[in-house]
Amino acid sequence: MGMKGIPERQAAIYHTFNVEDLIEAGHPLRPIKRMVDRALSDMSRTFKAAYSDVGRPGIPPETLLKALLLQCLYTIRSERELCRRLKTDLLFRWFLDLQPSDEVFDHSVFTHNRDRLSEHGITQKFFDQVVKQAIDAGLTSDEHFTVDGSLIQSHASLKSLKKIERESAKKGDEDTPSSGTTGRNPSVDFKGERRGNATHRSTTDPEARLYKKGDGVGAFLCHSGHALTENRHGLVMGVRIDRASGTAERESTLKMLDHLGRRHGVRPATLGADKGYDAGPFLLELEKRWIEPHVAIKSGRIEPRDDGSWARWFVRSEQRRAAFKKSQRRRKLVEEFFGWAKTVAGMRRARHIGRAKIRQCFEMAAAAYNLVRMKNLLAA
């Protein structure tokens, strides 16, 4: 039986250790860090164009992108909380290549650099680099793809809705809050008042739109997020943030397909989608790109018109084919991404105001999802 030890209460002045030795050899962040570092090294020309050669040195963009990845991977609710974690978590410091003695940057660094990230498309280029690694590793299909969209709730409250004509009201108007307000949202009574996108606009997030997914569900302020995935392993090949409307899904799909062809040289042979993509003009656009639509067609008689109704009739006649049925079964892979992005990456409700800022978060969430999937697939 050993003697009781006495705790050392005097703080040591110096510590000698290697952070690399403290991280487990099989830690899941190790392969992810290797893939991230390779993607960032290929973006050196982009970083050089985004930053000046003179002036005070700022936080490296590589560090900011890695921090945003950690926020997605570890479900950290805010950039302020992320900086708190960086002060005490050696795992996070190791991932960001920060030494234990380095000062941690303030959360306002993200705010100051967000415009630069948007101007040079840095988050999109980082996501594209991750996709390129997946293609080079042979993890993606180059023929069969799926597309879908989902709503991302705006950071703004329904109380911020005001009639559009009130937005131009001058200071001192009776509808304008006075300088003596307490800072809380004023009480709003919408009873008997019909609100819509044509008559009302959010004063907090003007780009947000009232929208609802289906009957019996209340409308809320939101943006629409869209994802293009391949059908082999469900890796995300393209993402977009757009306005919430009945046509945004189809418009964003065509843009993602065109970007995929230009950036990666990938031109799908088939594209699976749900009934929200059942529109004659959209099907015709897919035909122009030599893409076979595996789109679920709504029930009911198809009237012969000049809006591509023959394309809808043709796609419905193909629904019994095995390839069509397989595409519809593989559609669930894109739903897995949206579920992960909303629950783990915190994209159920936007953290920021403005579509450009939300797009950055969505692109980083898609990159993080792909990195996790690629780590598991390459280890298998």
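Which side chains meet in a salt bridge at 2.6 Å, N to O? The legends below begin with that pair. The model is predicted; local features need pLDDT of at least 70, side-chain atom pairs count only at pLDDT 80 or more, and totals for chains, interfaces and linings use all residues. Residues are numbered from 1 along each chain as its sequence is written, and side-chain values use heavy atoms, with hydrogens and water left out.

**View A. Salt bridge between R30 and E20.** The side chains of R30 and E20 meet at 2.6 Å, N to O; a salt bridge is a side-chain nitrogen of Lys or Arg within 4 Å of a carboxyl oxygen of Asp or Glu. R30 belongs to helix α2 (residues 29-41) and E20 to helix α1 (residues 19-22), so the pair links distant parts of the chain, 10 residues apart. Helices (H or I, at least four residues) are DSSP runs numbered from the N terminus. R30 is buried, at 14% relative accessible area, whereas E20 is partly exposed, at 37%. Buried means under 20% relative accessible area, exposed over 50%, and partly exposed in between, with a 1.4 Å probe and protein chains only.

**View B. Salt bridge between K66 and D97.** The closest N and O atoms of K66 and D97 are 2.7 Å apart. K66 is buried, with 2% relative accessibility; D97 is partly exposed, with 47%.

**View C. Salt bridge between D242 and R243.** Here the closest N and O atoms are 3.7 Å apart. D242 is buried, at 8% relative accessible area, and R243 is partly exposed, at 30%. Elsewhere, salt bridges that share partners join K33, D37, K66 and D97 into one network. The count for the model comes to 19 salt bridges.

**View D. Crossing of helices α8 and α9.** The axes of α8 (residues 122-136) and α9 (residues 248-264) come within 11 Å and cross at roughly 70 degrees. Axes are lines fitted to C-alpha atoms over the stretch in contact, and angles run from 0 to 180 degrees between N-to-C directions. The two helices are therefore roughly perpendicular, a term for angles of 65 to 115 degrees. In α8, Q124, D128, Q129, V131, K132 and I135 meet H259, R263 and H264 of α9, contact meaning heavy atoms within 4.5 Å. These residues divide into 2 nonpolar, 4 polar and 3 charged.

Conventions. Parallel < 35°, antiparallel > 145°, perpendicular 65-115°, else oblique. Nonpolar A, V, L, I, M, F, W, Y, C, P; charged D, E, K, R; others polar.
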